[in-house]
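The exercises below are to be worked with the sequence and the coordinates at hand. Each task is followed by a solution in steps.

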Amino acid sequence: MKFSLSWLKDHLETDAALDRICDTLTALGLEVEGVEDRAKALAPFAVAHVVSAERHPNADKLQVCMVDTGAGTIQVVCGAPNARAGLKVVLAPVGTTMPDGELTIKKGVIRGVESNGMLVSERELGLSDEHHGIIELPDDAPLGTSYAKLMGLDDPVIEIALTPDRADCAGVRGIARDLAAAGVGSLKPLSGGHIESAPVKGAMASPVGVTIEDLAACPLFVGRYISGVKNGSSPRWLQDKLSAVGLRPISALVDVTNYLCLDIARPLHVFDADTLAGGIVARISQAGETLKALNGKDYTLDDAMTVIADRDGVLGLAGVIGGEPSGCTEETVNVFIECALFDPVRTAATGRKLGIDSDARYRFERGVDPGAVFESIERTTRLIVEMCGGTPSDLVVAGAEPKWQRQITLRTARVAQLGGVDVPVAEQKRILTVLGFAPAVHEDGHITVPVPSWRGDVEGEADLVEEVLRVHGYDKIPVTPMARPHAITRPAVTPRQRRLGFARRTLAARGLNEAVTWSFLSAATAVHFGGVPDELRLLNPISADLDVMRPSLLPNLIAASGRNADRGWADVGLFEVGPAFRDGTPEGQDIVAGGVRAGAMVPRHWAVPARPVDVFDAKADALAVLEAVGAPGGNLQITTDAPGWYHPGRSGVLRLGAAMLGRFGEIHPGVLEALGVKGPLVGFEVFLDAVPQSKKKAGTARALLKLSAFQPIRRDFAFVVDQSVEADKVIRAARGADKALVREVAVFDRYQGPGVEPGKKSLAFTVTLQPLDKTLTEAEIEAVAGKIKVAVEKATGGVLRA
Amino acid sequence: MVDSLKAEILGAIGATTDPAALEEVRVAALGKKGRVTALMKDLGGLDPEARKARGAALNVLKDEIAAALNQRKAELQGAALAARLESERLDVTLPARPETEGRIHPITQTIDEITAIFADMGFTVAEGPDVEGDFYNFTALNIPPEHPARQMHDTFYLPDAPDGAKRVLRTHTSPVQIRTMLANKPPIRIIAPGRTYRSDYDMTHTPMFHQVEALVIDEATHMGHLKGAIIEFCRAFFDVDDLPVRFRPSFFPFTEPSAEVDIGCSRKGGELKLGNYGDWLEIMGCGMVHPKVLANCGIDPAKYQGYAFGMGIERIAMLKYGIPDLRTFFEADLRWLKHYGFLPLDMPSLAQGLAR
């Protein structure tokens, strides 16, 4: 919403400075987005008269001018070719800072001749690129007058950002009213001069009738016919007003409607009545109807838009834009004025569907003042007749003014209770009065107000509290510290939430970088990760690449890994902790820690052999997350039934009883190919909420540590087993052979080749025995070794290697 | 004679250059057939007086030789060790074995910082789902169907739930307020950080971003408290003690009165600096929870009141850490993560400081 200061002063009696007006607007909630104030920079420049101009004694291209400033005559040296005696010019006196902020004019001596100022060009004032000579003013330009004022540049233009609730401030008058409430001047009465609204007497009945088919879409339509108008240019004052805010003056009839739209937030339309076929009807559009709009574009309508139509078809989109064929031209003689109310929701929807932003829509979707329809059409009539002549008809009225009258009670104590600042009752009353609420103060401290027709946004007591507070000033609300519920800060996160942080920082410490990737991806990619149910397909995706909710964290991380590789960074470690989606219910999302590694796990290095990432890196990551979040490590089982996006022979699933805690593995090469990413690439997913939370039943104390006084004993074993026998089976058998003594079983070698028959493998491991109450004898050690041999052979069908 | 022998043997000891030669000198002097040993054997043929004197002299000689042998032995061992260590010299300017440490994403770090600050003001962290019913995302927040305010958000829609309810990706974290109020009785004091979604993608918008929402409901909290909490937060988070904070009236359907919050800044020379420089930068919206929202959540607005505010996490992270482009947060570019990310052990706390 843009308006000029002079326009504001049509409605506001004030001598407040521009800065104060702007600060107050922002403090009122009418945020000033920008001010164009050319007068400020141009303030020192004034009209002067060159009395004489003589050649500079020491320079061919310079002249010595005697300049009359109105307050005296000074000598100025000037280099402009057009400087001459008798010329009215613009003078920058000594001390002037030029608009570029860099040059300040000083008293000086130029080639031996004193100079006391500068005669300026348009470019030097930042007005244009014109720099062939100094500005030449008309002869009648009054001496000493501000140049900005002379040129009409002293009218700053203010632009405010309007919140959707403030329909009233979509007009200059509403803004003036707010400023008056805040003490910046007083609101002028809305009468007299060009804003007169007294009823105009009709000279005839309107030959154009109006009917409304849908009163919800158009509750009230007031029209008037004016015959015999002459549509020419609008007067200078109106053109200046519109130009200042960036609207191009078109013709008197159009300019009048634009003026009232901005002045009192009243969008109007004027038809060329001679183009109308029969009466006017406000109705809902039929699908397929078309309109050539005033913006020159053609629109095809659906079956839910409010239109103004005649017998032949659609004339305009109600509250949005008029049609070109029925619009006014220079040749227009008879007009029909439309001043109506339209449903804000439907108006907004129409504008949105067709992509039309107009000044009318801006106001109708916020809500046009339902109580001002009649006075607005009178005002419009008066302006048109004043500018274009013509004979007005009686009003044509269809529908009725909707009931907008309502009363609200404000308990004056609520301002302090809710706002935290005491505003005296008299001040509350004053604020509401100036805002147009006509408050009545009762003995019990309540204020009842009728809500004015232009404040459809004020619905309840809290709204009135806001009115009082914002006018009183949010800055006057004393800052109050929050009372602390506890002397010492309690944890803000639950143990469950805390685990997410553990997972993140553990993975980062392991060399993975935390990524945050989209929660969505393409359906084509999702297919490779189990797909998504229809309920997770976005109805309005931003692009086909991002059209379903992700079923897994891996695809976006794999894609990110590929992008890094494409940029030349092939050794990638990325993780993310975030949601994966199973279905569309609130419970249908899992919090997952997922990660990928690609390229070299150990890069080429002088001291250690390079090594690509492999499944055991992903396994270690998954296990580290599980340990960090407190999964009971000893009871984990690993199965080899990972889903299809993993390499079937190089992946595993981590289980705890019936619960799946996570999975890891090489990503299936077919999936990588489909995603266009080079392998090998390994990944893992840990389902954090599947990990049981540790129970804090016995407080914070740990189980008592029992240390053995006896040395542990280590024995190595090697078994030849079938190639298919899993190491885990061997380890479990060895561990189970003597649960009291066997503390640890660590595999240190896995061998296939000469000495081991094909189809078999040798697994070697160290068993650590931890005696608790005495040193073991050799015989006792041998006995345990024997039990291990029997247990492993029985469990695996393998044999102890000699 | 003893003196000359002593000089001779000590000379021989000093002349040795390796442990074997030294051993030879020892044997030649003190061994069974050694020269000093031989002299000791000759003592028997002397008269007692002479034997006593000579014996004492020989014992002194023996001790001196033994001491010289030990000293020389240590010298030789030291030299040998030095020689060995010299031969073991490595180029320690070679790089150490590779280790990698990852980084924590600025969004995580910022959420942890926000949590640390609000924990100190007695808030706890609440959560809600990303896929929301439109009741929670809109209706309960006093944004009725077809209200123009719904157009303020470019909402992503999912197919309707089986019961006909509309499903959306939450456009803000405010539905967590609703879930919290429906599930808990006042007093309530929560923050809700999380992912949010709007259908917008350009220089300054991404279809997914993060917000944090705060909600306080009790019988006495008013706008003065709202100002207090936000000012404290802004100054602690941005680490600027005198950061100016301004409250401007604004409009949100779910608060009344409503405000937008600006912090002081300077944009001189195209560089953004936070502090008391006279210019303003908008960072969040806030207000007193609308009575209709309370009522929608089964909380009596005649008895309870409170405030809510919300802000963009990426936005304040960009301001605090000088990150120029929102879109880069989600690109998972390793160079970016290394540069703008945080060390895993750099856990924000008020005790340790929120930022290094």
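A residue counts as buried if 20 or more other C-beta atoms lie within 10 Å of its own, as exposed if 12 or fewer do, and as partly exposed in between. The model to which this is applied is a predicted one.

**Exercise 1. Backbone exceptions with positive phi**

Solution. 
- Step 1. A:Ala438 belongs to the loop between H12 and strand E25 (440–441) of chain A. Its phi is positive, near 45°, although the residue is not glycine.
- Step 2. B:Asn142 sits in the loop between helix H6 (134–137) and strand E3 (157–158) of chain B. Phi of this residue, again not a glycine, is positive and near 65°.

**Exercise 2. Cis peptide bonds**

Locate the cis peptide bond that involves A:Pro680 and the one that involves B:Pro187.

Solution. 
- Step 1. In chain A, the bond joining A:Gly679 and A:Pro680 is cis, with omega about -5°. A:Pro680 lies in the loop between helix H18 (669–675) and strand E37 (681–687) of chain A.
- Step 2. In chain B, the bond from B:Pro186 to B:Pro187 is cis, with omega near 5°. B:Pro187 is placed in the loop between helix H7 (174–183) and E5 of chain B.

**Exercise 3. Helix pairs**

Classify the packing of H12(A) with H13(A) from their angle, and that of H2(B) with H3(B) from theirs.

Solution. 
- Step 1. Helix H12 (residues 425–434) and helix H13 (residues 461–472) of chain A pack at about 95°, and their axes are 10 Å apart. Angles of 65 to 115 degrees count as roughly perpendicular, and H12(A) is therefore roughly perpendicular to H13(A).
- Step 2. H12(A) contributes A:Glu427, A:Gln428, A:Ile431 and A:Leu432 to the contact, while H13(A) contributes A:Glu467, A:Val468, A:Val471 and A:His472. By class, these are 4 nonpolar, 2 polar and 2 charged residues.
- Step 3. Helix H2 (residues 19–30) and helix H3 (residues 35–42) of chain B pack at about 10°, with axes 3 Å apart. Angles under 35 degrees count as roughly parallel, so H2(B) and H3(B) are roughly parallel to each other.
- Step 4. The contact is formed by B:Ala28, B:Ala29 and B:Leu30 of H2(B) with B:Arg35, B:Val36 and B:Thr37 of H3(B). It comprises 4 nonpolar, 1 polar and 1 charged residues.

**Exercise 4. Buried positions**

Explain why A:Val653 is called buried, and identify what covers the buried residues of H10(B).

Solution. 
- Step 1. A:Val653 is located in strand E35 (residues 646–656) of chain A. The residue is buried because 20 other C-beta atoms lie within 10 Å.
- Step 2. Beyond neighbours within four places in sequence, A:Val653 is in contact with A:Ile638, A:Thr639, A:Asp641, A:Ala642, A:Met660 and A:Arg663.
- Step 3. Helix H10 (residues 313–321) of chain B has B:Ile313, B:Glu314, B:Arg315, B:Ile316, B:Ala317 and B:Met318 buried.
- Step 4. Their cover includes helix H5 (106–120), helix H8 (223–238), and strands E5 (188–197), E6 (208–218), E10 (279–289) and E11 (305–312) of chain B.
- Step 5. After H10(B) comes B:Gly322, with a positive phi near 65°.

**Exercise 5. Overall form and the interface**

Compare the radius of gyration of chain A with that of a compact globule of 802 residues, then describe the side of chain A that touches chain B.

Solution. 
- Step 1. The radius of gyration of chain A is 42 Å, whereas a compact globule of 802 residues would have one near 28 Å. The C-alpha centres of domain 3 and domain 6 of chain A lie 94 Å apart.
- Step 2. At the interface, 82 residues of chain A are in contact with 68 residues of chain B. H14(A) gives the most to this side of chain A, with 7 residues.
- Step 3. The side of chain A that touches chain B has 44 nonpolar, 23 polar and 15 charged residues.

Notes:
Residues are numbered from 1 along each chain as its sequence is written. Chains are lettered from A and ligands numbered from 1 in the order in which they are written. This is a predicted model: local features need pLDDT of at least 70, side-chain atom pairs count only at pLDDT 80 or more; totals for chains, interfaces and linings use all residues. Axes are lines fitted to C-alpha atoms, for helices over the stretch in contact, and angles run from 0 to 180 degrees between N-to-C directions. Helices (H or I, at least four residues) and strands (E, at least two) are DSSP runs, numbered from the N terminus. Angles under 35 degrees count as roughly parallel, over 145 as roughly antiparallel, 65 to 115 as roughly perpendicular and the rest as oblique. Two residues are in contact if their C-beta atoms, placed from the backbone, lie within 7 Å. Ala, Val, Leu, Ile, Met, Phe, Trp, Tyr, Cys and Pro count as nonpolar, Asp, Glu, Lys and Arg as charged, and the others, Gly among them, as polar. Domain bounds come from an automatic or database domain assignment. The radius of gyration is taken over C-alpha atoms; the globule rule is 2.2 Å times the number of residues to the power 0.38.
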